[in-house]
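Visitor: Please take a close look at a single part of this protein. I would like to see how that part sits in the whole.

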Amino acid sequence: MDVDEVLGLFMEGFGRFLEGRGLEFRVDRFALFQNIYRPGEAEHLPIADGRAHFDDFFRYGCGDMEPAPGAVEGLRALSRQASVVIFTNAPGPARLARARWLGRHRLDYPLVLNTGPKGPLAAGMAAQVRGPTVFVDDLMSNLDSVADSAPQVIRFQMVADKRLQPLAPAAPDRHTRIDDWDELRAAIEAAIS
């Protein structure tokens, strides 16, 4: 289970962080660093500057994020019949802040921090359990990585931020897309029963 845009409203939290630095975060494309602007400017910040703000967010601001609507209740219900593991890509310095955020929002399930493609590690985790395994992420690259490394894993795409939903690429022929936590919970329950 991913954190950003699955369990938590990352884009909203990152946007508030940038506003605190006098910047604008315009969600007009599905490209994180190309949505960061100086007020009134038409050209986004250079990618390297955007990446520096992103890294700073994980150092100082990633605890300022709201849970996705229905995520807390959905995971609680799923945890009654399945082992839940939070599997997220985040820089190493974010581990403590991310764990605190999860605990504060009653999402304190085992946390696996990763960088890069998620497929190889997902395949290793899936090999350690009996029965069906489910992977949920917002990014096609992570879903595709899991499909390549562990095709037996059932994949769901979830994009919690309503502004991002129409912009997010999807491949419904490869990964089921569900952007509502009540529907996602029901689909996961059906997949693992």
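Guide: The protein has seven helices and seven strands, where helices (H or I, at least four residues) and strands (E, at least two) are DSSP runs numbered from the N terminus. From the N terminus on, these elements follow the order α-β-β-α-α-β-α-β-α-β-α-β-β-α. The radius of gyration is 17 Å, close to the 16 Å that the globule rule gives for 193 residues, so the protein is as compact as a globular protein of that length. That radius is taken over C-alpha atoms, and the rule is 2.2 Å times the number of residues to the power 0.38.

This is a predicted model, in which local features need pLDDT of at least 70 and side-chain atom pairs count only at pLDDT 80 or more, while totals for chains, interfaces and linings use all residues. Residues are numbered from 1 along each chain as its sequence is written, and side-chain values use heavy atoms, with hydrogens and water left out.

Leaving aside neighbours within four places in sequence, Glu 189 is in contact (heavy atoms within 4.5 Å) with Ala 77, Leu 78 and Gln 81. Val 134 is 55 residues away from Glu 189 along the chain, and the C-alpha atoms of the two are separated by 9.9 Å.

For the protein as a whole, among contacts between residues at least 6 apart in sequence, 60% join residues at least 24 apart. Along its principal axes, the C-alpha trace spans about 55 × 35 × 30 Å.
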